[in-house]
Amino acid sequence: TEQTLRSHLLEKRGLVTVIQETQLSAQLLANTMTNVVASQRPQQSCIALDGATQSASLLYNLAMAAQKN
């Protein structure tokens, strides 16, 4: 699925840790969380998280330009 693909891409960048659903257990989740908390993760990512805002702005600007014509 798109979410699986996205999560694996984020994992390759070191931004998340993925646990496969088929492998998920309470112990694995606890161990993974412990490891993530202890690891050195980037404080910020280079991924834009404001896509909806940018899309709305683009649509607004297109609508305003169309009204002028």
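Because glutamate 2 and arginine 6 stand four residues apart in helix H1, about one helical turn separates them. Glutamate 2 forms a salt bridge with arginine 6, with 2.2 Å between the closest N and O atoms, where a salt bridge is a side-chain nitrogen of Lys or Arg within 4 Å of a carboxyl oxygen of Asp or Glu. By this rule the count comes to one salt bridge.

## Basis of the model

The model is predicted, so that local features need pLDDT of at least 70 and side-chain atom pairs count only at pLDDT 80 or more, while totals for chains, interfaces and linings use all residues. Residues are numbered from 1 along each chain as its sequence is written, and side-chain values use heavy atoms, with hydrogens and water left out.

## Fold and overall dimensions

The protein chain has three helices and zero strands, helices being DSSP runs of H or I with at least four residues and strands runs of E with at least two. Leucine 24 lies in the loop between helix H1 (2-12) and helix H2 (26-38).

The radius of gyration of the protein chain, taken over C-alpha atoms, is 19 Å, whereas a compact globule of 69 residues would have a value near 11 Å, the globule rule being 2.2 Å times the number of residues to the power 0.38. Along its principal axes, the C-alpha trace spans about 60 × 25 × 20 Å.
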